[in-house]
Amino acid sequence: MKIINKVEELRLEIKKLKSEKQGHIGLVPTMGALHNGHLSLIEKARKENEIVVVSVFVNPTQFGPNEDYDKYPRTLEADSKLCEKAGVDFVFAPAPSDIYDEYYFKHKETTLICPPYDVVNKLCGKSRPGHFDGVCTIVAKLFNITKCDRAYFGKKDAQQLFIIQKMVRDLNFDIEIIGCPIVREADNLALSSRNTYLDDDARKTALDISKALFKVKELCNNGIKDCAVLIDTALAIMQNLEVEYTEIVSVDTFEKINTVEGKALMLIAARVKSGDSRVRLIDNIEL
């Protein structure tokens, strides 16, 4: 396994592999602090591609001014060991100055890819203006740098996955986007790098998110399809959380629905008090 920091170095490696017709390239984009959820993406990429690239980059353009960019966990040494054990070929771990030029650092502006407003101005995008512009921009950069054939994303970030799939269609990227199932702890807490922020009490409180989701799924399976009733049920379970949103949307359009007919998603974002911090967690479940 090679750890590469510079864009041009990775490009040369990829160009060489392409010229030698070494096979398909699978990309797993991450912000590091890898856990078993990331490893499940890497394992799938390893099975389906001859070459696997994992990017580790905490992307500044997707963080708002009052968000946790500076304290986001950075554990490259541990991440690299996990990647090597999982059979990754390249870890791409650039510095921000390798990805964005001097103009960005001077003016805090760069060329951005901006998804349609009606897709981003809701759910996570409503409380995080500009977030998905930054996500799409860095993902497009990684696509261009790695020349990947397939890219792997977790379904926990459901809105992100939907938006990236749309970007790939709209901009005619010749890349297959593969969504991978949510990985959970034994107690059903969805794996997240931000779980490291939770103290013991906060972690117990955070379990109410998955409890709400699984209860709603149970009710839906038993014939209760009214979204207002299902959302009220979830909110009653999450009384000890600062709920940002609880919504049910169509899987195909990501638009809010009133009744569950066909495939739908219930999505939750909530903050959990942990010491002096309020940790933002997201989760979802298919209905």
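**Cavity notes**

Helices (H or I, at least four residues) and strands (E, at least two) are DSSP runs, numbered from the N terminus. The model is predicted: local features need pLDDT of at least 70, side-chain atom pairs count only at pLDDT 80 or more, and totals for chains, interfaces and linings use all residues. Residues are numbered from 1 along each chain as its sequence is written, and side-chain values use heavy atoms, with hydrogens and water left out.

I took a cavity as a set of points, on a 1 Å grid over the protein atoms alone, where a 1.4 Å probe fits but cannot get out; lining residues have an atom within 4 Å of a point. Points are joined across faces, edges and corners, and a volume is the space filled by probe spheres set on them.

I looked up the second largest cavity and found about 70 Å³. Among its lining residues are Leu-189, Asn-195, Ile-209 and Asp-283. I noted six nonpolar (Ala, Val, Leu, Ile, Met, Phe, Trp, Tyr, Cys and Pro), three polar (the others, Gly among them) and one charged (Asp, Glu, Lys and Arg).

How many cavities of 30 Å³ or more are there? I count two. Of the 48 residues that line the largest cavity, Met-31, His-38, Lys-156, Asp-157 and Gln-160 are the closest to its centre. I found that α8 gives the largest share of this lining, six residues. The lining of the largest cavity divides into 26 nonpolar, 15 polar and seven charged residues.

Note on methods:
On a 1 Å grid over the protein atoms alone, a cavity is a set of points where a 1.4 Å probe fits but cannot get out, and a pocket is an open set with protein on both sides within 12 Å along at least five of seven lines; lining residues have an atom within 4 Å of a point.
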